[in-house]
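Subject: Structure for you to look at

Dear colleague,

I am handing over the structure we talked about, and below it I have written out what was found, grouped so that you can follow each part on screen.

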Amino acid sequence: MVGLVPIFGLVAATGAEAQEQVMNVLNDGDVSVSVTWEAFESGVVGRYQVRNGGAAEVYVFDRLYRTSVTGYRSVDAAFAWHWLEADGVFRVAKFVPQVPVGEKVESPEVAYARVLGPGAVLEGSVMLPGLLDQQLPYDGVPALAAVAQIKAIVFSVGYAEVDPAVVPNRIKAGDEMVLSLPFSWLISHQRIVSSEPQALAVAMQR
């Protein structure tokens, strides 16, 4: 399990000590994630479970959206950022990315949240194309060129302890309600937890 680490230089992760000073409830290791991956000709499917073993209620930032040419945001529960890392490891992630240094944006990329209570489990899924591509926030250029076949796949998700002083906006997304929080709060309070890598041999688009 990996927690409190930056992903691809896009996350401004905060230390456990700083987080403890804010609300003094969420501890490192309280939140964990596991994933089962299956590869089909039509696509790669990951079914994940986020577990909260602590005493704090947390936000899980696992609802990303797609933006149309007209600027309309459509929440896609199965969408995740994804890219190739060293040694053939393929990273799939749902989180709030940091705005790239030197880039000006009208509206930062955020991830909508779902609430996960103490002792509870939150389930979700990810869908990737059958021939894996790479898609990063802010149309970022992948650090590594595609390989013929990946060796393993890992899933990361962002989360943060619920702060009663920060009131989220509720947004209807299909059959569920998701929560929108201020970007400045998200990016300064977010932590990252990752699954154990799973061996998986899947071809990439080249």
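A residue is called buried here when its relative accessible area is under 20%. Please keep in mind throughout that this is a predicted model.

With that cut-off, Phe95 counts as buried because its relative accessible area is 0%, and Trp83 is likewise buried, with a relative accessible area of 0%. These two belong to the aromatic pairs, of which the structure holds five. One of them is formed by Tyr65 and Tyr112, a tilted pair with 5.6 Å from centre to centre and 40° between the planes. This pair links distant parts of the chain, since Tyr65 sits in strand 4 and Tyr112 in strand 8 (residues 112-116), 47 residues apart. Both Tyr65 and Tyr112 are buried. In the pair of Trp83 and Phe95, the ring centres are 6.4 Å apart and the planes stand at 65°, so this pair is edge-to-face. Trp83 lies in strand 6 (residues 81-84), whereas Phe95 is in the loop between strand 7 and strand 8, so the pair ties together parts that are 12 residues apart in sequence.

Two arginines come next. Arg63 is placed in strand 4, and Arg63 is buried because its relative accessible area is 6%, which is under 20%. Its side chain makes a polar contact of 2.5 Å with the side chain of Glu176, and a polar contact of 3.5 Å joins it to the side chain of Asp62. When neighbours within four places in sequence are left aside, the residues in contact with Arg63 include Tyr48, Lys94, Tyr112, Arg114 and Glu176. Tyr112, as described above, is also the partner of Tyr65 in the tilted pair.

Arg91, for its part, is found in strand 7 (residues 89-94), and with a relative accessible area of 15% Arg91 is buried. The side chain of Arg91 makes a polar contact with the side chain of Glu85 at 3.2 Å, and another with the side chain of Ser194 at 3.3 Å. Leaving aside neighbours within four places in sequence, Arg91 is in contact with Trp81, His82, Trp83, Glu85, Val154, Ser156 and Ser194.

By class, the lining of the largest pocket has six nonpolar, four polar and four charged residues.

Lastly, there is a point about the backbone. Which residues have a positive phi although they are not glycines? Tyr138 is one of them, with a phi of about 60°, and Asp139 is another, with a phi of about 55°. Tyr138 is in the loop between strand 9 (121-129) and strand 10 (152-161), and Asp139 is found in the loop between strand 9 and strand 10 as well.

With best wishes

Technical notes: Residues are numbered from 1 along each chain as its sequence is written. This is a predicted model: local features need pLDDT of at least 70, side-chain atom pairs count only at pLDDT 80 or more; totals for chains, interfaces and linings use all residues. Side-chain values use heavy atoms; hydrogens and water are left out. Helices (H or I, at least four residues) and strands (E, at least two) are DSSP runs, numbered from the N terminus. Buried means under 20% relative accessible area, exposed over 50%, partly exposed in between (1.4 Å probe, protein chains only). A polar contact is a pair of N or O atoms within 3.5 Å; within protein, one must be able to donate a hydrogen and the other to accept it, and residues adjacent in sequence count only if both atoms are side-chain atoms. Contact means heavy atoms within 4.5 Å. Ala, Val, Leu, Ile, Met, Phe, Trp, Tyr, Cys and Pro count as nonpolar, Asp, Glu, Lys and Arg as charged, and the others, Gly among them, as polar. Rings of Phe, Tyr and Trp (its six-membered ring) pair if their centres lie within 6.5 Å; planes under 30 degrees apart count as stacked, over 60 as edge-to-face and the rest as tilted.
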